Amino acid sequence: MSRVQMITIGDDQPEQRLDRWFRKMFPQITQGNIEKMCRKGDIRVDGGRVKSNTRVGPGMEIRVPPLPDEVAPKRDRSGDAISAADEKLIQSCVIYKDDYVIVLNKPAGLPTQGGSKQTRHVDGLAEALKFGLEEKPRLVHRLDKDTSGVLILARTPAMATKLTEAFRHKNTRKIYWALVAGVPVPYLGEIKYGLMKAGGHGARGEGEKMIAIHPRDMNANPDAKRAHTLYATLYRVGSRASWVAMEPITGRTHQLRAHMAEIGHPIIGDGKYGGSGQENLGDGWGAQLGGIISKKLHLHARSLTFEHPVTHKVITVTAPLPEHMRNSWDTFGWSDDLAAVDPFETLR
């Protein structure tokens, strides 16, 4: 075991999440170890308690508790760090690559990062995305486990810092496609409900979800964060379901899912916000359509537009629909070319 250390982050290091800094400095420590030490207050930043996702940067002093000299790294179910099948899978997801960034079409069901009971995720599989570089690419944003689509990774620390800043200052545009229950009216609109975490159950808060707070009640709920979503109803199937495009102006946890449910049109397949056992019977509610329509979440990060950190060219990357959504689109007779390139042009 080591002794307590007080480490000041140097000016040569970028601003980053605490857990990422910790894993670089102490590669024998797992994500679970870091989160446990944060909960117990063993890890502190400038003397204060922190969470694993707290951002740290140059000049901050980090208290590092006594650490084991060696911890056996976690392996996936096959016993290998990355199986040949997983290497092939993650490399097949690449839809854009240059010397600085990699963009994936993340499969539905694959977590972006590790966590409780999650040992197979994009961050871990990124070891197979080095493509000749010494370090694996770094995540600069995330998608929910069951959401598919565009996910960008930075291939160098400098690029990670620039892209993270771009997301933080809203210098990127993300457009999502979803199949939702019922038909949102008006067809083009905005949702500005704030979002606040509702406690889950168990020691780790399993089942935690977001609850919507009306804008007029924001001051009475200091834990609520402002959230803003644009939506456009593109096509519909009678009164039962609609193809909706969404653009999150803010980036809150489960924002699109919570917002659509709050206005009475949950995303199909969303058991957390739409009721796992509720079938849509034509009244606009219920997260399942039944029949041959998949019960998987129908939410896809369709496109991402960003300014390249080096060339400064504006790049838009588009991700094809996952199989279960493609099957639903085919069932309803919808094709990708029916959607406007920018359905929110009149709102901007």
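**Strands, salt bridges and cores**

Modeller: Arg-44 has Arg-63 as its bridge partner in S6. The model under discussion is a predicted one.

Colleague: How do you know that strand S3 and strand S6 count as paired?

Modeller: Strand S3 (residues 44–45) and strand S6 (residues 61–64) are joined by two bridges. Pairing requires at least two bridges, and therefore S3 and S6 count as a pair. The two strands run antiparallel.

Colleague: What makes S1 and S4 edge strands?

Modeller: The open sheet has four strands in the order S1-S6-S3-S4, with antiparallel pairing. Strand S1 (5–8) and strand S4 (48–49) each have a single partner strand, so one side of each is left without a neighbour in the sheet. Helix H1 (residues 18–25) lies across S1, S3 and S6, and runs at about 60 degrees to S6.

Colleague: Why is Gln-31 called buried?

Modeller: The relative accessibility of Gln-31 is 17%. Buried means under 20%, so Gln-31 counts as buried. Gln-31 belongs to helix H2 (residues 31–40). Apart from residues up to four places away in sequence, Gln-31 touches Asp-19, Arg-23, Ser-52 and Gly-114.

Colleague: Why is the contact between Arg-23 and Asp-123 called a salt bridge?

Modeller: The closest N and O atoms of Arg-23 and Asp-123 are 3.4 Å apart. The cut-off is within 4 Å, so the pair qualifies as a salt bridge. Arg-23 lies in helix H1 and Asp-123 in helix H4, so the pair ties together parts that are 100 residues apart in sequence. The structure holds 17 salt bridges.

Colleague: Are Arg-23 and Asp-123 buried or partly exposed?

Modeller: Arg-23 has a relative accessible area of 24%, which lies between 20% and 50%, so Arg-23 is partly exposed. Asp-123, at 11%, falls under 20% and therefore counts as buried.

Colleague: What makes Glu-135 and Arg-138 a salt bridge?

Modeller: Their side chains meet at 2.3 Å, N to O, and this value is within 4 Å, so the pair meets the criterion. Glu-135 is partly exposed at 40%, whereas Arg-138 is buried at 14%.

Colleague: How do you know that Glu-165 and Arg-168 are separated by about one helical turn?

Modeller: Glu-165 and Arg-168 are three residues apart in helix H5 (residues 157–168), and therefore about one helical turn separates them. The two residues form a salt bridge, with the closest N and O atoms 2.7 Å apart. Glu-165 is partly exposed at 26%, and Arg-168 is partly exposed at 33%. Glu-15, Arg-55, Glu-165 and Arg-168 are linked in a network of salt bridges.

Colleague: Which residues have the most contacts inside the largest nonpolar core?

Modeller: This core has 27 residues, and those with the most contacts inside it are Ile-90, Leu-104, Val-122, Met-246, Met-260, Ile-267 and Leu-299. Among the elements that each supply at least two residues of this core are strand S8 (101–106), helix H6 (255–262) and strand S11 (172–181). S11 gives the most, with three residues.

Colleague: Which residues is Ile-90 in contact with, leaving aside its neighbours within four places in sequence?

Modeller: Ile-90 is in contact with Leu-104, Leu-110, Leu-125, Ala-128 and Leu-129. A second, separate core of 18 residues includes Ile-175, Leu-179, Trp-243 and Trp-329.

Methods
Residues are numbered from 1 along each chain as its sequence is written. This is a predicted model: local features need pLDDT of at least 70, side-chain atom pairs count only at pLDDT 80 or more; totals for chains, interfaces and linings use all residues. Side-chain values use heavy atoms; hydrogens and water are left out. A nonpolar core is a set of buried Ala, Val, Leu, Ile, Met, Phe, Trp, Tyr and Cys residues joined through side-chain atoms within 4.5 Å. Buried means under 20% relative accessible area, exposed over 50%, partly exposed in between (1.4 Å probe, protein chains only). Contact means heavy atoms within 4.5 Å. Axes are lines fitted to C-alpha atoms, for helices over the stretch in contact, and angles run from 0 to 180 degrees between N-to-C directions.
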